[in-house]
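This report describes selected features of a predicted model.

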Amino acid sequence: MIKVQGTRRAFAAVVTSVLLSGLLRPAMAADETIRLGAILPLTGPGAVVGTQEMRGIQFAMDAANAKGGVQGHKIEVIFEDNQAKPDVSVLSFNKLVDLQKVPMIFTGYSGPSLAMAPLATRKKILMINAGAQSDKLTKASPYLVNTLPSTGDEVAVMAKYLVQQGKKKAAVLFENDAAGIGGRDDFLELFPKAGGTILAQEAVQFGQTDYRPALLKLAAAKPDVLYVVITAGMVPLVQQLKQMNPDFLVAGTTFMADPAAIADPASNGIIHTQVQIDAPPELSAAFKAKYGDDMDFFARQYYNAAQIMLTVIDKVLSEKKPVTGENLHDTLFAIRKFQGLIPMEFKSNTATVPIGINKMENGKDVTLLQVTAE
Amino acid sequence: MVWLQLLVNGLVTGSALGVVAISFALIYATTKIFHVAHAGVYTLAGYLAWSLVSHGVPDVLALLLAILCCTALGALIQHQLYARLERRRATHLVVLIASLGALAVIQNVIAAVYSSNILQFPVPWSSRVVTVGTLRLNWAQILTVVLSVLAYAGTMWFAHRTILGKQIRAVASNPFLAEITRLRPQRIYVIVVAIGSAIVALPGVLVPLDLGLQPYGGVTPLLTATIAMIAGGVGSITGAFVLAVGIAVLQNLSLLVIPGEWSIGVTFFIFVIFMLFRPTGLFAKAR
């Protein structure tokens, strides 16, 4: 009997000490690695963008880890390939959250991000999008944060500029997916509001590179400007436009800023809005030395997004809170203003950043003017 | 004159698809294998030529070497995959799955070696524009039409005028009877898949000259070519070629009356209706 009581006491002591140690210990042991997730297109037609996005994140994390991590914690990012497909993205999301227990996920491409948004809300996982721009992303989830303006913001800037330049009759070529349809809808709404008229619109499929039938039909409408909202296949597009010898201006969004298209002489004269984000020369040089490629727009965007996350994690750890999706989310909005590669403020889920109007000229992308969209 | 440019663009696209269709028809009619990996051979041809041209090999030589490599790959697939499966009495479904597996392997190897980026051929002449009246075509498009029509004519001549062509048709018609007459169908199968692979390598190089290379870009042309083959009448080379051209022209011209996103759906709906009334295909009697 005494022996049983002793066993019970010992068991109670063990349970109490375990519980107390759980309550008293810090939110995270100092040498524990913090794992984050990233769901990006690493194969398929979106891979060229996805790979640069992955490099941008990894470049920032490698630099932070080389300096000892964040308050002694190494940061590891687990990359999942979604091929830019929404259904694959949902599977990847569940895998990262349920198996790897990541508190936040970097995402890109509108369709995949929109597919994962309800899961992020339900499971309180912070998602950072630094590449996709569909307007629906701005209100898809309180846990989906966009570090670049929506297509609607860019379209508003371009619509106003085109009408000011006397280009009042437009045709629209758009990609038949979330990003393209969102951009098309914005243009159909905002261009007439700015004083323009829409003459025609045609859809193409994601990854399609034969644009000739659609371009011929749109050109037959005799527009002043062709507004393009597609996310892949820019080089064939500019070459086929050149072949047509069009008498209209070609305009687009940040998506048009494909370095290969800019370098192609056929792109001369094309204008596009551009979310402004520059990297210091030494940072660009280090990136090129590491990966052999230029630090393009998407690499800079995701490097910047990774820097934001590192700042947020640092603050969460300073406040002795566990690194959960909810705490990361609340802390991001508590900090609100970030000074990364560009000054950025989160008055809502979508950051306020400068937007430029660029023109492709002789292999260069020249900024004509710059405005800040809300 | 938009309709004229759309018509000519349709003829360009259709002629390349036509060559894919006749190569697939040749293989299917003879071996009865639904050779899905043909899409992989088509894609690989473009990447091989791109590699060779990028390393300074003259364009024509690169095309010929790509055709040669694809011929060998086709023979290898038949000899080492399909023939082995047939010896083990595999069903048609098993062979189809094996072919799908071979396609996945080829596509993944291409994506791993070359990345999934859309690659452009480093040949400036291909995008130079030739103007004929109101028509504007580049050299890649002109070359595609000319060589595709030659490939069709050459295939017809080969099938009807050469001994090997007649042997292939004999095996396609009745492999058991052909075996009695010492034709050795398995040897003919290897030859026919090799020839089909050589033929499909031609549009495999010419189309990316104009539209760029993508590792997964071969499936859609093969799907359209398959439909053309069936609608044209299985076994009819002319049927496959003409129907492929017809589908491409219809897809292009349909844009005059319907939005682009409906084009593929409407075109194939017309073919479904057509097949209901003529299930053996348009050129079935010409076999």
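Directly following α5(A), A:G166 adopts a positive phi of about 85°. The helix itself covers residues 151-164 of chain A.

Most of α5(A) is covered, with ten of its 14 residues buried. These buried residues are A:T151, A:G152, A:D153, A:E154, A:V155, A:A156, A:V157, A:M158, A:A159 and A:L162. The elements of chain A that cover them include the helix α6 (178-194) and the strands β8 (225-229), β9 (249-252), β10 (271-275), β13 (354-361) and β14 (364-372).

## Two lysines with positive phi

Most residues other than glycine have a negative phi. A:K222 is not a glycine, yet its phi is positive, at about 55°. This lysine sits in the loop that joins α7 (212-220) to β8 in chain A. A:K222 counts as exposed because 12 other C-beta atoms lie within 10 Å, and the cut-off for exposed is 12 or fewer.

A:K320 also has a positive phi, of about 60°, without being a glycine. Its place is the loop between α11 (297-318) and α12 (325-335) of chain A. With 9 other C-beta atoms within 10 Å, A:K320 is exposed.

## The two domains of chain A

Chain A is split into domain 1 (34-148 + 278-341) and domain 2 (151-276 + 355-372). Their C-alpha centres are 28 Å apart. Where the two domains of chain A touch, domain 1 supplies 14 residues and domain 2 supplies 14 residues.

On the domain 1 side of this contact, helix α4 (residues 110-123) of chain A gives the largest share, three residues. By class, that side of domain 1 of chain A holds five nonpolar, five polar and four charged residues.

## The largest nonpolar core

Which residues touch the most other members of the largest nonpolar core? Among its 203 residues, they are B:A21, B:A228 and B:A244. The greatest contribution to this core, 17 residues, comes from helix α8 (residues 185-211) of chain B. The core also takes at least three residues from each of domain 1 and domain 2 of chain A.

Leaving out residues up to four places away in sequence, B:A228 touches B:L17, B:A21, B:A240, B:L243, B:A244 and B:I247.

Definitions and conventions: Residues numbered from 1 in each chain as written. Chains lettered and ligands numbered in written order. Predicted model: local features only at pLDDT ≥ 70, side-chain atom pairs only at ≥ 80, totals over all residues. Helix = DSSP H or I, 4+ residues; strand = E, 2+ residues; numbered from the N terminus. Expected span 1.5 Å × (residues − 1). Buried ≥ 20, exposed ≤ 12 C-beta atoms within 10 Å, placed from the backbone. Contact = placed C-beta atoms within 7 Å. Core = buried A, V, L, I, M, F, W, Y, C linked by C-beta atoms within 7 Å. Domains from an automatic or database assignment. Nonpolar A, V, L, I, M, F, W, Y, C, P; charged D, E, K, R; others polar.
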